[in-house]
Amino acid sequence: MRKPHPTTILMHVILILVCLLLLYPVFVMVAGSLKTAEELALNASGLPKTPVLENFRRLFNFNSGLIIRTYANSIFVATSYTGLVVAVASLAGFAFAKFRFWGRDVLFLLLLITMMIPVELNITPLYLFFSRLGWLNTYRVQIIPGIANVFSLFLMRQYMVTIPDSLIEAARIDSAGDFFIFRKIIIPVSVPAIGALAILQFLSKWNELLFPKIMLTKERLMPIMVILPTLNEIDSARSVPWELVLAGCTLVTLPLIIVFLIFQDKFLSSVTLGAVKG
């Protein structure tokens, strides 16, 4: 049996230590969610002596079930937004990658330039705009803005450029239309990029805080990320129930893990494809 090289062993040890370091906050979060307030104060970083689910029950009953409502809001908004972004970016990426029309490259460059504008700079004009439309305190204002995402368009366009034109030409010889080619050829070939895009956009929308915090004032329409930092059973700004906060953090992490597990093979294959094709 071949003896491992010392450098390889050292690298594995370093990687294991880095993994443990990165996973430690997750361990503290999950373990803390299973402790009582008294145990959390005395033993913040260790394993719970007697794991309890009381924190989750209190969390679900907080403010007449507000956490459950906002949790459902986050799932609905993030899922709808991700689906729309993937659909729009795929269609636009197909157009920019495989069609030649006047001003295509200039228009694409102008779209890329808009990525340089800080999001915070648009908040006030967007607030005034949606206020006049009457979209404040609605699900529309959380989903519709941003579905024409330039980064997503760029990602899909760059991937679709690498798809051989011969596939499309062969389909056109068989009298296939553009939408048929998009649906039957482009989408199946682009699944790795779509998976990566879905993960990135779902994470982005799920973790969004500033935009909904400004556009929404009704708590029942807010996502859980806006409500979670306001957890406070006692009417005092200095009395934070950390066991509830940790239980809430554990709860909001679950969908992210599920989405990653569903799309992880697509996500990883998209990364390696980019490395191979250069």
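This report looks at aromatic rings and their partners in a predicted model.

## Aromatic pairs

Let's start with the overall tally: searching the whole structure turns up 12 aromatic pairs. One of them brings together tyrosine 24 and phenylalanine 27, with ring centres 6.3 Å apart; their planes meet at 35°, so this pair is tilted.

Both residues belong to helix H1 (residues 6–33), where a spacing of 3 residues puts about one helical turn between tyrosine 24 and phenylalanine 27. Tyrosine 24 has 40% relative accessibility and is therefore partly exposed. Phenylalanine 27, at 32%, also counts as partly exposed.

## A link between H4 and H10

Another pair is formed by phenylalanine 94 and phenylalanine 182: the ring centres are 5.5 Å apart and the planes lie at 35°, so this pair is tilted. Here the pair links distant parts of the chain, as phenylalanine 94 lies in helix H4 (residues 66–98) and phenylalanine 182 in helix H10 (residues 178–189), 88 residues apart.

## Charges over rings

Over the ring of phenylalanine 108 sits the charged end of arginine 157, 4.7 Å from the ring centre. Lysine 205 places its charged end over the ring of tyrosine 81, at 4.4 Å from the centre.

Methods. Residues numbered from 1 in each chain as written. Predicted model: local features only at pLDDT ≥ 70, side-chain atom pairs only at ≥ 80, totals over all residues. Heavy atoms only, no water. Phe/Tyr/Trp six-rings, centres within 6.5 Å; stacked < 30°, edge-to-face > 60°. Helix = DSSP H or I, 4+ residues; strand = E, 2+ residues; numbered from the N terminus. Buried < 20%, exposed > 50% of the residue type's maximum accessible area, 1.4 Å probe, protein only. Lys NZ or Arg CZ within 6 Å of the ring centre and 35° of its normal.
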